[in-house]
Amino acid sequence: MKKLLGGALAALLLSATAQADYSNNPGAEGFIKTMVEKHNFDRDWVMAILKQAEPKQSILDAMSRPAESVMTWGRYRNIFIQDSRVSQGVEFWKAHREELARAEKETGVPASMIVGIIGVETRFGRNMGSYRVVDALATLGFDFPRRSKFFLGQLEEYMLMVREQDIEPFSLKGSYAGAMGYGQFIPSSYRAYAVDFDGDGKIDIVNNTVDAIGSVANYFKRHGWRSGEPVVASVVLKEGADHSLFNAGLKPVKTVAQLKQAGIASDQKLAPEQKATAMKLDGEKGDEYWIGLQNFYVITRYNHSAMYAMAAYQLSQLIAAEMREATES
């Protein structure tokens, strides 16, 4: 009921500003003041952006829609892992072999993992979103109360970003949540982790595949990716295993030795002192039990979901296997 009320409230707010001039929104003056006084923006420029930003009901619908069912891992996996996406990943890797090899060498993040992320996020640039980023962030910042603070913060970051990069503010398109480019960075991530990987003096992860590759790799490196270490390990359940340890959190806090003592072991060789988290996923053929390690946690820093991280990792492995096969044949 609360979710339904929240969605209805958002719809009413949007209806009331059908021809929205966000510069007149009750929350606009505080936002404008921040941009002018904190970041030295021209007041008229900020006002002009807010006046031209368009509210989008479809964005509010997507954000407010109550979850009718919990998606299983089996169903989620099928959304992101298909033969066609694996084939497209091989094509992408072959087309950008040198850039991916350099990114792996400089950051320690495997080329396969970079490709896997871009594949899950945008199907290798085929689906980067159709909403103007300004419209998405303004709609959610001013008309979606539950997460208004976050999205106004992202609108602030976006204005800083377009000023720094000398980008026309209405030119960029992205997801309904304002994420951009091959790797779908929100504005704060764009400013913090995107890099000029081809050295042309501009950071462009929307039109420049090389910058996108380097930026995904940099994101993983900055979040603690450990080169050469495993990501996940399959579990061998012992009799009397402590099931309360499964899905306790994404961050690895127990050691491999502690999990083993609790009956959650792996048939893979893992360092006993290595931190890990235990996961139970409802797959198509029944429950799957996994141990997630530090690098798995790093993937969840990109998207806070164990299913997302598992899908991205498994896609990366399938693409890598196809690449090896293509190289050997």
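Helices (H or I, at least four residues) and strands (E, at least two) are taken as DSSP runs and numbered from the N terminus. The model is a predicted one, in which local features need pLDDT of at least 70 and side-chain atom pairs count only at pLDDT 80 or more, while totals for chains, interfaces and linings use all residues. Residues are numbered from 1 along each chain as its sequence is written, and side-chain values use heavy atoms, with hydrogens and water left out.

Just after helix α2, Asn40 adopts a positive phi of about 60°. Within α2 (residues 28-38), the residues Ala28, Phe31, Ile32 and Met35 are buried (under 20% relative accessible area; exposed is over 50% and partly exposed in between, with a 1.4 Å probe and protein chains only). Viewed down the axis of α2, these buried residues fall within an arc of 95°, so they line one face of the helix; the arc is that of the directions from the helix axis to the C-beta atoms. Glu37 and Lys38 are exposed on the face turned away from the buried side of α2. The cover over the buried residues of α2 includes α3 (43-52), α9 and α10 (148-165), contact being defined as heavy atoms within 4.5 Å. Helix α9 (residues 133-143) is itself mostly covered, with 11 of its 11 residues buried.

An open sheet is formed by 4 strands in the order β3-β8-β7-β5, with antiparallel pairing; two strands pair if DSSP finds at least two bridges between them. β3 (232-234) and β5 (254-255) stand at the edges with a single partner strand each, so one side of each has no neighbour in the sheet. Strands β7 (residues 275-283) and β8 (residues 286-292) are joined by 7 bridges, and Lys280 has Tyr289 in β8 as its bridge partner.

Helix α15 lies across β3, β7 and β8 and runs at about 90° to β7. Axes are lines fitted to C-alpha atoms, for helices over the stretch in contact, and angles run from 0 to 180 degrees between N-to-C directions. Helix α15 (residues 306-328) also packs with helix α6 (residues 83-95) at an angle of about 60°, the axes being 9 Å apart. The contact involves Arg85, Val86, Gly89, Val90, Trp93 and Lys94 of α6, and Leu315, Leu318, Ile319, Ala320, Glu322, Met323 and Ala326 of α15.

Arg301 lies in helix α14 (residues 294-302) and counts as partly exposed at 30% relative accessibility. Apart from neighbours within four places in sequence, Arg301 is in contact with Tyr219 and His223.
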